[in-house]
Amino acid sequence: MSVRVIHAHGEAVTVTAAGGTEILRYVYRPDPEPFESRKPYAHPVRTLAGRTVTGYRPNDHRWHKGLQMTASHLSGQNFWGGNSYVHGRGYLPLPERVGSMRHEGFSAFEAGEDRFDCTEDLTWVAHGGAEWAREERGLSVHSVDEEAGAWVLDWSIRLTNLRDVPLEFGSPTTAGREMAGYTGLQWRGPRDFTGGRVLAPDSDADAARLMGTQSPWLAFTAEHDEHDGHSTLVFAHAPENLDERSAVHASHWFVRAEPIPSVAFSWAFFEEFALPPGDSFAYRYRIVVADGAWDRDRVGAHLEGVPW
């Protein structure tokens with residue numbers, strides 16, 4: 001199926017499927033509130049049938065915005081947004097800790113007949129204005145399959161330390177809060193995804209028991225309000241992410257179905273890691289956006305049919 005790409009320069013990129021549904025809006029002009037950690041995000045993300053599968057500024061966490069790259073604990077700064085976790089004191093509003101990600105431009109931008117690929121250059125900026133890291137972000141929309149009712153978004157990151165000291169990556173769990181190791185690429189679902197079903201390969205565990213686990217993929221399916229039917233999102237690692245020989249640090253799932261629907265590819269769930277000055281790390285991720293309530297077998301078969 002073909003796609004159409006519209007670039008509103010300085011604002012956002014939208015991708016529309018042949019049937020007329022806008023399936024992705026990637027906003028790179030950040031929202032104005034610094035406390036929410038100003039950075040690009042993808043919202044709305046929709047299925048081919050037009051069902052919205054991302055939430056934006058929910059009243060419980062205004063800094064949750066669709067699908068976005070985050071770092072909750074980074075050398076004392078918060079590139080997640082909102083309150084910062086401090087062990088023994090809980091979550092505190094510490095605006096002096098909240099950093100931002102600045103869009104510098106697109107070094108590659110290609111809209112083909114059936115896919116869209118771009119490379120975005122960003123700078124991670126600490127609250128005081130110091131430039132801490134350079135990011136090369138890749139976004140690809142492809143494998144738009146009307147028969148399967150699904151399309152694929154690939155999201156990659158290559159991050160380089162610009163400081164003369166190591167960048168130390170952590171999470172609320174590494175700071176002392178049990179089983180709250182959120183950081184990295186994070187998805188916030190819409191309100192009607194609350195209480196949805198979470199699936200992993202070779203496991204019958206629910207979301208609560210999958211928290212902090214490792215697997216090649218995780219799927220989240222829920223029934224919509226207003227519209228009859230379900231939607232499914234599949235979050236998948238590129239093979240090298242889980243290869244101990246090549247991954248910079250072990251990844252674990254942050255996943256909740258209640259009280260809020262959220263999934264993150266956490267790169268520092270249980271343990272901190274340091275990125276030396278001038279060094280880089282890279283990850284690649286895949287999100288399948290599908291209509292219907294997919295089961296484990298269908299998820300596995302679809303992933304096998306879309307090679308990296």
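1. H252 belongs to strand β18, which covers residues 252-256; here helices (H or I, at least four residues) and strands (E, at least two) are DSSP runs, numbered from the N terminus. The model is a predicted one, in which local features need pLDDT of at least 70 and side-chain atom pairs count only at pLDDT 80 or more, whereas totals for chains, interfaces and linings use all residues. Residues are numbered from 1 along each chain as its sequence is written, and side-chain values use heavy atoms, with hydrogens and water left out.

2. Is H252 buried or exposed? H252 counts as buried because its relative accessible area is 14%, where buried means under 20% relative accessible area, exposed over 50%, and partly exposed in between (1.4 Å probe, protein chains only). Setting aside residues up to four places away in sequence, H252 touches G212, T213 and Q214, and also A264, F265, S266, F269 and F270; contact means heavy atoms within 4.5 Å.

3. Q214, one of the residues that H252 touches, is placed in the loop between α1 and β16 (217-223). Once its neighbours within four places in sequence are left aside, Q214 is in contact with A250, S251, H252 and W253. Q214 and F265 are separated by 51 residues in sequence, and their C-alpha atoms are 9.8 Å apart in space.

4. Turning to the overall fold, the protein has 2 helices and 21 strands. The radius of gyration, taken over C-alpha atoms, is 18 Å, which agrees with the value near 19 Å that a compact globule of 308 residues would have; the globule rule is 2.2 Å times the number of residues to the power 0.38. Along the principal axes, the C-alpha atoms fill a box of roughly 50 × 45 × 40 Å. Among contacts with a separation of 6 or more, 60% are between residues 24 or more positions apart.

5. Of the 308 residues in the protein, 55% are buried. The accessible surface comes to about 13000 Å², and 44% of this surface belongs to carbon and sulfur atoms; the areas come from the Shrake-Rupley method with a 1.4 Å probe, and for residues only the protein chains shown count as cover. There are 29 positive and 43 negative side chains, with the centres of the two sets 5 Å apart. Lys and Arg count as positive and Asp and Glu as negative, while His and the chain ends are not counted; the place of a charge is taken as NZ of Lys, CZ of Arg, CG of Asp or CD of Glu.

6. Which residues have the most contacts inside the largest nonpolar core? They are W124, V141, W151, W155, F169, F235 and W267, in a core of 62 residues; a nonpolar core is a set of buried Ala, Val, Leu, Ile, Met, Phe, Trp, Tyr and Cys residues joined through side-chain atoms within 4.5 Å. Leaving aside its neighbours within four places in sequence, F235 is in contact with residues including W187, W217, F220, W253, F265 and R286. Another core, of 13 residues, lies apart from the largest one, and V152, L199, A219 and A290 are among its members. In soluble globular proteins, nonpolar side chains tend to be buried together.

7. Some backbone geometry deserves a check. The peptide bond from H43 to P44 is cis, with omega near -5 degrees, and P44 lies in strand β4 (residues 41-45). The peptide bond from E258 to P259 is also cis, with omega near 0 degrees, and P259 is found in the loop between β18 and β19 (262-266).

8. Positive phi values in residues other than glycine include that of S75, near 50 degrees, and that of D202, near 60 degrees. S75 is in the loop between β6 (73-74) and β7 (84-86), and counts as partly exposed because its relative accessibility is 26%. D202 is in the loop between β15 (197-199) and α1 (207-210), and is exposed, with a relative accessible area of 81%.

9. G196 lies in the loop between β14 (184-188) and β15 and is buried, at 16% relative accessible area. Not counting residues up to four places away in sequence, G196 touches F220, T221, A222 and A257.

10. D145, in strand β11 (residues 131-145), is partly exposed, with a relative accessible area of 30%. D145 touches L48 and A150, residues up to four places away in sequence not being counted; the C-alpha atoms of D145 and L48, which are 97 residues apart along the chain, are separated by 8.8 Å.
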